[in-house]
Amino acid sequence: LTSSTTATRHHAVANIIETAFQSSGVQKVLELGVIAAIGATLRDTLDAKAITDTLLKALVPAVIASSLSTLTLSSDSMGWTLASGVALALIQLGCGELASRFV
C-alpha cells in the first residue's frame, strides 16, 4: 500500500470515530461511565447518606424542573391539568380528614 492510501484510510477511520462519538447515545453512555467511575473511585471516602440526601434534595428536583420546562401545553390542556391538581389536593384533604377522625 502506498502512503497516500494508508493516510486516506486513517482519515476515513478517524472521521467514523469522530462521528460515532458525536452521537447523543454515545455521549450519554460516556457520561454514565464517567459518573460510575467517579462513584467507584470515591466509594470508600464518601458518606452514602450525604450522597442520597444530595440526590433527593437537589438533583431530582432539578431534573424534574428541566423536564417540565420543555413541555408545551395548550390552554385547554392547562385547564385540565390545573383542575386535576385541585381535585387531587381536595381528595387528599378529604382522606386526611377522614383518617384523623378514625385514628
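In this predicted model, helices α2 and α3 (48-69) each supply at least two residues to the lining of the largest pocket. The protein chain holds 4 helices and 0 strands. Its radius of gyration is 26 Å, whereas a compact globule of 103 residues would come in near 13 Å.

**Largest pocket**
- Sorted by class, the lining has 6 nonpolar, 1 polar and 2 charged residues.

**Packing of α1 and α2**
- Helix α1 covers residues 3-22, and helix α2 covers residues 24-41.
- The two pack at an angle of about 70°, and their axes lie 5 Å apart.
- Angles of 65 to 115 degrees count as roughly perpendicular, so α1 is roughly perpendicular to α2.
- On the α1 side, A20, F21 and Q22 make the contact.
- On the α2 side, S24, V26, Q27 and L30 make the contact.
- By class, this contact of α1 with α2 involves 4 nonpolar and 3 polar residues, with no charged residues.

**Overall fold and dimensions**
- Read from the N terminus, the elements of the chain run α-α-α-α.
- The C-alpha trace spans about 90 × 45 × 15 Å along its principal axes.

Notes: Residues are numbered from 1 along each chain as its sequence is written. This is a predicted model: local features need pLDDT of at least 70, side-chain atom pairs count only at pLDDT 80 or more; totals for chains, interfaces and linings use all residues. Side-chain values use heavy atoms; hydrogens and water are left out. Axes are lines fitted to C-alpha atoms, for helices over the stretch in contact, and angles run from 0 to 180 degrees between N-to-C directions. Angles under 35 degrees count as roughly parallel, over 145 as roughly antiparallel, 65 to 115 as roughly perpendicular and the rest as oblique. Contact means heavy atoms within 4.5 Å. Ala, Val, Leu, Ile, Met, Phe, Trp, Tyr, Cys and Pro count as nonpolar, Asp, Glu, Lys and Arg as charged, and the others, Gly among them, as polar. The radius of gyration is taken over C-alpha atoms; the globule rule is 2.2 Å times the number of residues to the power 0.38.
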